[in-house]
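Dear colleague,

Please find the structure below. My notes on what was found in it follow directly after.

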Amino acid sequence: MIHYKDLLIDTAAQRVYRQGQEVHMTRTEFRLLMVLLSGAGCVFTREELLHRVWGVTVPIRTRTVDIHIARLRQKLGLRGEIRAVMRKGYALKHGQK
(Lines give C-alpha, C1' and ligand atoms only; values in the text may rest on other atoms or scores of the structure.)
Protein backbone atom coordinates (compact mmCIF):
# COMPACT_ATOMS: atom_id res chain seq x y z
CA MET A 1 0.00 0.00 0.00
CA ILE A 2 1.18 3.47 -0.85
CA HIS A 3 -0.20 6.65 0.72
CA TYR A 4 0.02 9.92 -1.20
CA LYS A 5 -1.91 12.94 0.08
CA ASP A 6 -5.53 11.70 0.37
CA LEU A 7 -4.89 8.68 -1.85
CA LEU A 8 -4.38 5.08 -0.87
CA ILE A 9 -2.89 2.94 -3.62
CA ASP A 10 -3.23 -0.82 -3.31
CA THR A 11 -0.42 -1.94 -5.60
CA ALA A 12 -1.24 -5.66 -5.34
CA ALA A 13 -4.88 -5.21 -6.38
CA GLN A 14 -4.08 -2.22 -8.63
CA ARG A 15 -6.79 -0.12 -7.01
CA VAL A 16 -6.78 3.51 -5.95
CA TYR A 17 -8.89 5.05 -3.20
CA ARG A 18 -9.41 8.76 -2.66
CA GLN A 19 -10.80 9.80 0.70
CA GLY A 20 -11.87 6.18 1.23
CA GLN A 21 -13.76 5.90 -2.08
CA GLU A 22 -12.46 3.72 -4.89
CA VAL A 23 -11.58 5.64 -8.04
CA HIS A 24 -12.12 3.80 -11.32
CA MET A 25 -8.87 3.85 -13.27
CA THR A 26 -7.74 2.18 -16.44
CA ARG A 27 -4.62 0.02 -16.36
CA THR A 28 -2.78 2.70 -18.29
CA GLU A 29 -3.79 5.40 -15.81
CA PHE A 30 -2.67 3.18 -12.94
CA ARG A 31 0.71 2.51 -14.59
CA LEU A 32 1.19 6.23 -15.23
CA LEU A 33 0.41 7.02 -11.60
CA MET A 34 2.88 4.39 -10.42
CA VAL A 35 5.65 5.78 -12.63
CA LEU A 36 5.04 9.30 -11.34
CA LEU A 37 4.99 8.05 -7.74
CA SER A 38 8.21 6.10 -8.24
CA GLY A 39 10.05 9.30 -9.00
CA ALA A 40 8.11 11.89 -7.00
CA GLY A 41 9.94 15.17 -7.33
CA CYS A 42 11.70 14.09 -10.54
CA VAL A 43 10.79 15.33 -13.99
CA PHE A 44 9.81 12.66 -16.51
CA THR A 45 9.97 13.61 -20.17
CA ARG A 46 7.06 12.68 -22.40
CA GLU A 47 9.39 10.21 -24.13
CA GLU A 48 10.27 8.54 -20.80
CA LEU A 49 6.59 8.26 -19.90
CA LEU A 50 5.71 6.87 -23.33
CA HIS A 51 8.41 4.24 -22.91
CA ARG A 52 7.65 3.31 -19.29
CA VAL A 53 3.85 3.31 -19.53
CA TRP A 54 3.08 2.45 -23.15
CA GLY A 55 6.26 0.64 -24.17
CA VAL A 56 6.93 3.05 -27.04
CA THR A 57 10.62 2.89 -27.96
CA VAL A 58 10.71 5.03 -31.08
CA PRO A 59 10.29 8.80 -31.09
CA ILE A 60 6.74 9.82 -31.97
CA ARG A 61 4.68 12.96 -31.60
CA THR A 62 1.50 12.41 -29.65
CA ARG A 63 -0.70 14.12 -27.08
CA THR A 64 -1.46 10.82 -25.32
CA VAL A 65 0.69 11.64 -22.29
CA ASP A 66 -0.91 15.07 -21.88
CA ILE A 67 -4.42 13.63 -22.10
CA HIS A 68 -3.70 10.93 -19.53
CA ILE A 69 -2.04 13.43 -17.18
CA ALA A 70 -5.17 15.59 -17.41
CA ARG A 71 -7.34 12.57 -16.55
CA LEU A 72 -5.18 11.71 -13.53
CA ARG A 73 -5.36 15.30 -12.30
CA GLN A 74 -9.13 15.29 -12.58
CA LYS A 75 -9.88 11.80 -11.23
CA LEU A 76 -7.47 11.98 -8.32
CA GLY A 77 -7.69 15.66 -7.45
CA LEU A 78 -4.02 16.18 -8.28
CA ARG A 79 -4.28 19.42 -10.24
CA GLY A 80 -1.74 21.14 -8.02
CA GLU A 81 0.38 18.04 -7.50
CA ILE A 82 1.24 16.97 -11.05
CA ARG A 83 3.07 19.87 -12.59
CA ALA A 84 4.05 20.48 -16.16
CA VAL A 85 7.67 21.50 -16.57
CA MET A 86 7.96 23.64 -19.68
CA ARG A 87 9.85 21.95 -22.51
CA LYS A 88 10.73 19.02 -20.25
CA GLY A 89 7.75 16.93 -19.12
CA TYR A 90 5.84 16.25 -15.91
CA ALA A 91 6.64 15.84 -12.24
CA LEU A 92 4.65 14.76 -9.21
CA LYS A 93 5.35 16.81 -6.12
CA HIS A 94 6.79 15.04 -3.10
CA GLY A 95 4.09 14.00 -0.72
CA GLN A 96 3.30 11.56 2.01
CA LYS A 97 4.06 8.03 0.91
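In this predicted model, Thr28, Glu29, Leu32, Leu33 and Leu36 in α1 meet His68, Ile69, Arg71, Leu72, Lys75 and Leu76 in α3. Contact means heavy atoms within 4.5 Å. Helices are DSSP runs of H or I with at least four residues, numbered from the N terminus. The residues of this contact of α1 with α3 comprise six nonpolar, two polar and three charged. Here Ala, Val, Leu, Ile, Met, Phe, Trp, Tyr, Cys and Pro count as nonpolar, Asp, Glu, Lys and Arg as charged, and the others, Gly among them, as polar.

Residues are numbered from 1 along each chain as its sequence is written. Because the model is predicted, local features need pLDDT of at least 70 and side-chain atom pairs count only at pLDDT 80 or more, while totals for chains, interfaces and linings use all residues; side-chain values use heavy atoms, with hydrogens and water left out.

The axes of α1 and α3 lie 10 Å apart, and the two helices pack at an angle of about 85 degrees. Axes are lines fitted to C-alpha atoms, for helices over the stretch in contact, and angles run from 0 to 180 degrees between N-to-C directions. α1 is therefore roughly perpendicular to α3; angles under 35 degrees count as roughly parallel, over 145 as roughly antiparallel, 65 to 115 as roughly perpendicular and the rest as oblique.

Helix α1 (residues 27-38) also meets helix α2 (residues 46-54): their axes come within 9 Å and cross at roughly 125 degrees. These two helices are therefore oblique to each other. On the α1 side, the contact is made by Thr28, Arg31, Leu32, Val35, Leu36 and Ser38, and on the α2 side by Leu49, Arg52, Val53 and Trp54.

Finally, the axes of α2 and helix α3 (residues 64-76) come within 10 Å and cross at roughly 75 degrees. α2 is therefore roughly perpendicular to α3. Arg46, Leu49, Leu50 and Trp54 of α2 meet Thr64, Val65, Asp66 and His68 of α3. Four nonpolar, two polar and two charged residues make up this contact.

Yours sincerely
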